[in-house]
Structures are given as C-alpha cells and as structure tokens.
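Reader: I am new to this structure and would like to learn how its features are read. Could we go through them one at a time?

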Amino acid sequence: MNLMKLSALELGKKIQSGEVSVMEAVCDAMEAINAKEEALHCFITVDEAYAKKRAEQVQNSIKNGELKSLLAGVPMAVKDNLCTKGMRTTCGSKMLEHFIPSYTAEAVQKLEQAGAVLLGKTNMDEFAMGSTSETSYFGGTKNPWNQNHVAGGSSGGSCAAVAANECCYALGSDTGGSIRLPGAFCGVTGIKPTYGTVSRYGLVAYASSMDQVGPVAKDVSDCAAVLEIISSFDKKDSTSIQRPALDFTSALIDNVEGMKIGIPISCFDSELDSEVHNAVLTAAERLKERGAIVREFDLGLMDYAVPAYYMIACAEAGSNLARFDGVKYGYRTEAYEGLHQMYKKSRSEGFGTEVKRRLLLGAFVLSEGYYEDYYLKALRTKACIQNEFKRVFSQFDVLLSPASFSVAPKADSSLDNPLKMYQSDQYTVSANLTGLPAMCLPAGTNQNGLPIGLQLIGNRFEEKKMIRTAYTLEQAMRRKGEKNHVKTV
Amino acid sequence: MSKQYETVIGLEVHVELSTKTKIFCGCSTAFGAKPNANTCPVCTGMPGALPVLNKKVVEYAVAVGLAADCEITRDIRFDRKNYFYPDNPQNYQISQLYFPVCRNGKIAIPTKDGGEKWIRIHEIHMEEDAGKLKHEEKENRSVIDFNRSGVPLIEIVSEPDLRSGEEAVEYLNKLRLMIQYLGVSDCKLQEGSMRADVNLSVREAGSVSYGVRTEMKNLNSMKAILRAVEHEKNRQIQLLAEGKNVIQETRRWDDGRGCSYPMRSKEDAKDYRYFPDPDLVSVHISEEWILEIKKRQPEFRSEKIKRYQTEFGLPRYDAEVLTGDKALADFFEKTVQLCSRPKKVSNWLMGETMRLLNEKAMEPNDIPFSPKHLAKLIELTESGAIGTTLAKEVFEVLFAQNIDPERYIEEQGLKTVEDTQELNHIIEQVVKKYPKSVEDYKNGRKKAIGFLIGQIMKATQGRANPTLAKEMLEKRFVQ
C-alpha cells in the first residue's frame, strides 16, 4: 500500500505508534514520485538523499520522545519560492535555476521543527505569476485527474503533488488565489490565512502586501493541523501579526447550527460554468441541512477587484524583482559590455514573458505622471473593497462562492490571452486585497471527471469559522460517498 | 554698470547615525571590518529576506528633529526609491518620501554683526546607506563590500535660506555641533559620516523669484564647500551676464582642479518610482515616546555656555571656546570634577592643550591624556610642589605619554626645593656671585631682587620655590 494515500494525520498517527517507520513513508513517497513525475512534473527538485537522512533523524527523535507532533515524520513538499537552506530554490525561473539559499524560510523551519520530512521543491508559475503553472521555466505541471489539463497556478506543483499522492501535504503561497485556484483544479484543500498569520520571511516576494504562505492538503483536518504549526508571530517579518485564535484544529466541528453563510450573487454571472454553479448551490443546501442560515447578497465593487489587484501586485513585483540583476546571485548573461548591457541581457534572458509583462506594467503604474492615476487609484479601490467586506461581515460569518468560474482548462490554452487568464482570478483576489482568510475545498467532479472547487472566505482572524464550515461540508460529502481527492492516477 | 546678484543656497546634509546595528537588520555598523563581514540576507538583498526597523534610528532622528525645532510626524512610513546600481543590493533604497519623520524646523546661525539668522529646515528623513563599490583596474573587475549597506542615515534638507558660502559653513558647523552634542553621529566630513550637497542659484538683487539651481556633490570639507560655492556662483553669474541660461543639473566638484563639471541634467533625471514599502508597516510615534526622547536630550551648547559662566565663573570667551567642541567640553567637565579649579583647567585646555593639538593636527576627541592626570598636574602646581615653567615641561611629557605627573616628578627628582638649608646654600653662592645686584637692592632698587631670584631658579633648574626664595633673601638683607 502506498502510505501517501493516507492523510497526513492518519500517517502521523501510525508513525507515532510505531506501526510504520518514517523511512517506509519516505520510500513510498519516492516510489510514487518516481512513477508519476515524468507524466505530471509536480517537482522542480527532489532530494531523495536528504529526505532519507532526515527520515533517520526524525525517527530517532520520535524514538527518544523528543518529537511528539502529530505530523512528525510525515513526508511533504514545499513550493519552490520558499527558501530552503542548501536546497536550490528556483521560483520556477531561469533567473534562479542554480540559486541555493543560505537560510530557510520561517514557515518551513516551523514544519521541520515539528518533524516534517522535506522531499523536495514543487513546480510553480515563474515567480508565482500565472494561473496555470505553465509559465514555469521548467515546464508546466499536468493535472493528475487528466493530463491534458493544467494543474492551475501558481502553486500547481504543490496541489498536483498532493492530489497525486506524491506527498501527504505541501506548502503553497497565495497572492491572488495561487493556492485556491490550483487547489480547486486538483481537487485538494488549501488555506490562505489572514494576512500576517504566517511569516513571509524566506518567501521570495511577488507582491509583499498580499503574499501569504498556506497549507495544501488532502482534507480540512490536515490543513488545519499544518496551519496550526506554521502560524506564529515572527519579529523578522514586520507585517507579521500577534493575533488570537490560532488553535485551528479545535474548529474541526461537524456542525454549522445557526451560522450565517452568505453567497455573493455577483459570482453567478454568465461566465460561470453551470456545473460549478450547481456545486455551489448543492453545498449551500448541505449547509442548510446542517443548520446554517444561507442567504444570497449583493457584493459591490467586484468588477474592480481584478484590475486593482493586478496594478498593486505588479507595482510591488516590479520593485521586488529588481534585485535579480545578475550582480550578486542568479543568472548572468554570458557576454556583455559594461554594466547596463549586463543588466539588460541578464534580465531579458533570465525572465520569462509573463514576468516581463508584469514588471513592465508595474514600472508603468508607478511612473511619474501615472502614479496618481493608476497606483493610488488602485489603493483607493482596495480600501473601498475592504470597507465593503467589513459591511458584509457584520451580517455573515462565512462567505461561500466558487473558487473558479470553470474546472481546469486544457493545457496550452491560457497563455496567449493574458487578460482572460487574469480574469480567472476574479473570485480569489478579493481575499488578498482585503487580507481576509480564504480556502478552497473540493465539491465533487464534473461530467468529464475534473474536480470542482468551492471557496470559503472568513472574517479577519476568523479562520476557525471558515474551517468549521469547510469541515461540515466535507463530512456531508463523505457521508454521501463522494471522493475528495485522487486515489490513483 | 554691472548688475548686482544675490546667491541663494539650500543644503541637503546626509548624516550617518552611530547606532550599533543597521537600520533594517541586526548587523553591526562597526567601521573597518573585513569586506562583507557585517552582512546578512537582509542587507545583501537575498530573495525572501525582509527589513525590520531599528527603533533606535527613529529615536536618533527624532532627537535631531527636536533639537532643530521640527514638527515630529506621528505616523511615519518608509518608501522605496527604485534605481539600479550594484552597490544597492535590492536595486531600491528604503527611504522616506511621503511621511518624513520631521518637518518644518529651524536653526539659528551667527551673523557677522553678532546677531542671529534663522535657517529653516524643510524636512529630516531616514534612509539606508548603500554598499561600497571598488573598481580593480588591474584585474579588470569590480567588487562590492556590503558592510555599509543598511547603515542608517538621516538627510536634513534646508530651505533655500542661505546667502553665502560662509553662511553655509556656519549652518553646517551649527548642525554638526548639535548632532555631536546629541551623540547620534560623529559628523566627520572627511570620513563621510557627514555629507553635504549644495543647491545653488543666483538672482538679481531685489528679485523675489528664484533662479535656476544646480546641485553640487562631492564636497569633502568646509574649505571645499566655500570654494565650490564661490566657483558656482561666479559661473552662474557669468552665464547670466553673457545672456545665457543656467541649466538645471547635478554637478560634481573636483577639489583638486578647483572646478565642477556636470553629472546629469534634469532631462535625464531618473524617475525613482517611489511607492510605500509594503514590507514595513507604519510606525506610530506617541507623545510618551517623544517625551522620553526629550528627557534624554543633552545640555546643548548655548545652555553650557551660560552654565560655565554662572557655575564655574568662567569668562564668556572661555565658555565659548570650550563648548565649541563636544569632546573638549566633556574633557573640561571631567577634569573640573576632579580638581575643582575651573579657570585653571580652562587655561590648560585652551592654552597648552589646543597648542599641541593644532601642532599635531589632532581633534579634541583625540586628547591623548586623561582628565585625572591633568587634574593632578594642576593640583601639584597650585600647591607649589612644582613651578609653572616646570609644569609646562611636565605637560609636554603628559601629552606625549599620559604619565602620572605626581609619580613622574618624584621619579625624575623634580620636586620643588623646600629644604631651607639647601636653599640657604644656593642663596649664599648667588649673593657672592652678584654683589652689584645686592648693592642695588640695598640702595633701594627693590627690583633687583627679581634678578637674584631668577639666578636661584636657574641654579636649581627651576625647582626652587620662588616664594620661599624671596622670603629668605629679604630676611638675609634685613640682617
């Protein structure tokens, strides 16, 4: 039996009890990786030797009683924009193809302290810019449910690896939906916590004011358990928040009696796939059956969310990615004359098309004469959207919506029309603009057997209500015998 | 008749703050470490590294702002200034554009007629320093040292209120002294811990609008500033006199050649695409915090000048000289605490100490001996244990080797001859040798005794107690 088919908590329990060893788990993970990677390409780097060495260390610590975490010894993967000391961190870019960080990201370190066994680094859209994982310099990730379709992005490698049972859980990052969109496409569960909950230290920045690290896992319980470990106040990250209610696993309650769930009707526009639409309505019915009060409502300003998001994200990205210049680390062009040519050639050759497009957009909106008209206007729009959500959360506990207007699109069909690709983030970007917690969870498959994903959005610091709602939905689905993640590929 | 022109000057002064650690990481700011020894992922711009504000920098900047009578911004933010250069590891500098920490201050400078003139401060903002780029011609390569990357700076921007090079120098001196008194920087122009850029324009006398200005960089001394102002003023006046226009540009002063040349004009001025740094949250400066900083403000020069006159009874001139350098004032106060003879201490510092410092091109900060030893020397002189001539000789040794004067005098056998028997013996010899002087004295020419005492001092190599010698001589003549 492939131990990777177990949920992280199930496997962790077996490891703690001594029923299986950490090494057995790692070997099963490696076997799955070796069997599926050629077809799926979830990983950019797999470090078997490191994983096996770690397995021995962790096993010893468990034996000594030093490691009692429920997730100790469970093999996992990390998105390749989280720095890992000694293990290359590429961000899916030629620019960092050979870059080996000198330190480990805080979120990864938290997991390692809890005994996580890192298998390798997962594929992603270049510098997290993309919705399909196809902008990766190393080639796209295929959807484990149907390899003609994309895994989604930008955390496509993490989501596909979990769906394909190549690891038990993974870390992703979410700036505009980068956990929730691929999570929905791959039929896995993922959480983007409230901005400031997980340290960004060591996360290679795309848009600093919206980037958050979060878990990708097979079910709600695993997500809650991983999030509990990686959440902490970190004084190395000035945007980190000392906040209440970090005991996420205490919210795994199969009951939503009296909770007020809102469905923004604006999400049911003509673009929305009818099967996805139905899945949202079905979920609403199930929540009602479990005692929730579900009501549709008007959410204003949503037409402005995507443009505001792209202006702010690109402005920050343009500045954040300026450090990749061929001077200190990363790709440097082979032949050049003088400093400026070295900059130009290194960056022209090191970055892909989508990254360049966003860097140019970012430079534009911050330029003299345009700053007020574009960047400042986008910031004001963001403030308006935040106010709108404040109003909404005075009436509701949790919002329910689709995670995406369709299931995973076919491979090689998205990059030619960037504006359309940007629109695919329409349900997810608001949570990043507002900093609110949001998650995706699977809601069965469509007629072609591709997963449909739901999105839940919670109020600031109220992940627990969101997790409780998700858990209740998940339990209802299980009772109906619906599968919620890929069992075999 | 040629037109009369007025020079209009504003200064942008960068001051390196002397915090122990950098502005956005915990790395040391110590000078002189091996290249890149004081660096970390943050100050070398590694992917994923994040800045965390050093609160000390805010305190230092606020302290300067309070001393310069500024309004303190209550919610400060940092902004990114985007430009590519290899000494700037992130290719943006974290600075303050929209909410600088201090605004609308003023500083008084002395005028030639003994009055005061107020120079307004536009703003003070905080920012990080860049690394140091070195071009190795032989190896045909460039290398970078990031030790300075992230060292905290404040930039003090004045309004265009200065009218001459002399005023600019007065303003800089005032600023430097104020900051040294605050202890937040050593402000050395030569070493670059204080850097001044001069914005200068000229206009016809009586005009109310400003002329086109240029910005002058690379001014490494007060002398260079004076020369650069003079040169730039003349250059602009000549252009205008010839009916040409001054071009708004940045110029670089070449002190060796005594002239400046253009670096870049307004047309190719960079667009820095400033925007609020999303990695840093806004910081609130509370009333309590400001009060705390106020409480720690030191006694400034004008207050010290007053106190030195009232508490120590020093002449105003002494008080001004001693407080003209923070290190000198500190040394003075420490010494007075040990020997409680303020005027004597002042005399030693303003006289012999300054003379030797100037001779050796040293700063008061480098005084090579301790207050304790100077205090002892003064005590020894006052008690009559050594004479003033000898004291000066001992002082030279003190300056060179920081010896303990008491022990030194003992070891060298330099103590004043108090022994009357020994003195009697010498007096006898002198009286015998100069009968003419003795005769003169006895005939009423009392001044002759001075000559005789001088001879006694000479015979004892200055060790005789002159008062005692005089008493004994007089006694002998009366007999």
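Reader: At roughly what angle do the axes of helix α4 and helix α7 of chain A cross?

Author: This is a predicted model, in which local features need pLDDT of at least 70 and side-chain atom pairs count only at pLDDT 80 or more, while totals for chains, interfaces and linings use all residues. Residues are numbered from 1 along each chain as its sequence is written, chains are lettered from A and ligands numbered from 1 in the order in which they are written, and side-chain values use heavy atoms, leaving out hydrogens and water. Helices (H or I, at least four residues) and strands (E, at least two) are DSSP runs, numbered from the N terminus. Axes are lines fitted to C-alpha atoms, for helices over the stretch in contact, and angles run from 0 to 180 degrees between N-to-C directions. Here the axes of α4 (residues 106–113) and α7 (residues 220–230) of chain A come within 8 Å and cross at roughly 110°. That makes α4(A) roughly perpendicular to α7(A), a term for angles of 65 to 115 degrees, with those under 35 counting as roughly parallel, over 145 as roughly antiparallel and the rest as oblique.

Reader: Which residues make the contact between α4(A) and α7(A)?

Author: Contact means heavy atoms within 4.5 Å. On the α4(A) side the contact is made by Ala107(A), Lys110(A) and Leu111(A), and on the α7(A) side by Val226(A), Ile229(A) and Ile230(A).

Reader: How many residues of helix α5 of chain A are buried?

Author: Buried means under 20% relative accessible area, exposed over 50%, and partly exposed in between (1.4 Å probe, protein chains only). Helix α5 (residues 156–163) of chain A is mostly covered, with eight of its eight residues buried; among them are Gly156(A), Cys159(A) and Val162(A). After α5(A) comes Asn165(A), whose phi is positive, near 60°.

Reader: Is Val394(B) buried or exposed?

Author: Val394(B), which has its place in helix α10 (residues 388–401) of chain B, counts as buried because its relative accessibility is 1%. Not counting residues up to four places away in sequence, Val394(B) touches Leu377(B), Ile403(B), Pro405(B), Tyr408(B) and Ile409(B).

Reader: What is the order of the strands in the open sheet of 11 strands in chain A?

Author: Two strands pair if DSSP finds at least two bridges between them. The order in this open sheet is β1-β3-β2-β6-β8-β7-β12-β13-β11-β9-β10, and the pairing is mixed. β1 (43–46) and β10 (293–297) of chain A stand at the edges, each with a single partner strand, so one side of each is left without a neighbour in the sheet. From one strand to the next, the twist averages 25°. Within this chain, β2 (residues 75–79) and β3 (residues 117–122) pair in the parallel sense over five bridges, and Met76(A) stands opposite Leu118(A) in β3(A).

Reader: Which strands of chain B does helix α9 of chain A lie across?

Author: Helix α9 (residues 302–320) of chain A lies across β4, β5 and β15 of chain B, running at about 60° to β4(B). In chain B, these strands form an open sheet in the order β5-β4-β15, with antiparallel pairing. Strand β4 (residues 79–82) of chain B pairs with β15(B) over two bridges, and Arg80(B) stands opposite Phe275(B) in β15(B).

Reader: What is the mean pLDDT of chain B?

Author: pLDDT is the predictor's confidence in each residue, from 0 to 100. For chain B the mean is 91, and 98% of its residues reach 70 or more.
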